Amino acid sequence: MSMQNVLITGASRGVGKSTALAFASRGFRVFLNCKSSLADLAEVKKEIQDTCGAPCHLVPGDAGDPQAVRQIFKEIREICGGVDILINNAGISHIGLLMDMTDAQWDGILSANLSSVFYCCREAIPYMVSRHSGRIINISSMWGSAGASCEAAYSATKAGVDGLTKALAKELAPSGIPVNAIALGVIDTRMNAQLSSEEREALCQEIPAGRFGTPEEAAELIYQTALSPSYLTGQIIRMDGGFL
């Protein structure tokens, strides 16, 4: 079997980093993307090379910028033709009242969380269709279905990701390309680092599992989903410790 190629956006830390390590440790060629944390991204590459020995390439750029995404995929095509697995993980959060949110903040979170998924899928699909194979996994959130107070914009973008996932799965099913989303609950990443110890404790009490999830747990679910039967498509797979 030829080597499989995986692109992971938002791979400099957290779930993206753990996902990159999960695939690289199994012999996949990984392409690592992020927008601005380039030093962290380089560290991920070094860790992969030191511990896994798998081929690893950096393709930095703003996944929410269509021209940047075209350049990312141009570089990938020059190396291996295209990606077999696309993992749309890039995203940002915003906490605050909707009425206080600026136009720029709204545009920024929409670009990072939803437009990035569209742009990357659009570039990845032609290669997958030509081979009649491929996998697309979009990283969503439980708030995409439940909604979170003071995270209206974030919740809206993740609901958009869920809708895009379901529609695209139907579009690509005849080509043998499953499209699924992983709706994560509270994961112990830098995105939740702004929580105080009291807030963390209160939140843990709301989660039946009694704790935050780990990036490694999320990465393992993403990996297993990528290897799941192709009949599994159009699904929003939730991992939230029983929260919802």
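Me: How many aromatic pairs does the structure hold?
Reply: There are five aromatic pairs in this predicted model, where rings of Phe, Tyr and Trp (its six-membered ring) pair if their centres lie within 6.5 Å, and planes under 30 degrees apart count as stacked, over 60 as edge-to-face and the rest as tilted. Local features need pLDDT of at least 70 and side-chain atom pairs pLDDT 80 or more, while totals for chains, interfaces and linings use all residues. Residues are numbered from 1 along each chain as its sequence is written, and side-chain values use heavy atoms, with hydrogens and water left out.

Me: What's the geometry of F28 and Y223?
Reply: The rings of F28 and Y223 are edge-to-face, with 6.1 Å from centre to centre and 90° between the planes. Because F28 sits in the loop between α1 (14-24) and β2 while Y223 belongs to helix α8 (residues 215-226), this pair ties together parts that lie 195 residues apart in sequence; helices (H or I, at least four residues) and strands (E, at least two) are DSSP runs, numbered from the N terminus.

Me: Switching to the sheet, what order do the strands have?
Reply: The sheet is open, with seven strands in the order β3-β2-β1-β4-β5-β6-β7 and parallel pairing (two strands pair if DSSP finds at least two bridges between them).

Me: And which strands stand at the edges?
Reply: β3 (56-58) and β7 (236-239) do, and each has a single partner strand, so one side of each is left without a neighbour in the sheet. From one strand to the next, the twist averages 20°.

Me: How many bridges join β1 to β2?
Reply: Four bridges link β1 (residues 5-8) with β2 (residues 29-32), the two strands running parallel, and V6 has V30 of β2 as its bridge partner.

Me: OK, helices now: at what angle do α3 and α4 cross?
Reply: The axes of helix α3 (residues 66-80) and α4 cross at roughly 30° and come within 9 Å, axes being lines fitted to C-alpha atoms, for helices over the stretch in contact, with angles from 0 to 180 degrees between N-to-C directions. That makes α3 roughly parallel to α4 (under 35 degrees; over 145 is roughly antiparallel, 65 to 115 roughly perpendicular, the rest oblique).

Me: Which residues make that contact?
Reply: On α3 they are P66, V69, R70, F73, R77 and C80, and on α4 they are Y119, C120, R122, E123, A124 and Y127, where contact means heavy atoms within 4.5 Å.

Me: What about α4 and the sheet, which strands does it lie across?
Reply: Helix α4 (residues 103-131) lies across β4 (85-88) and β5 (135-141), running at about 180° to β4. Helix α6 (residues 152-172) also packs on the sheet, touching β5, β6 (179-184) and β7, and its direction makes about 155° with that of β5.
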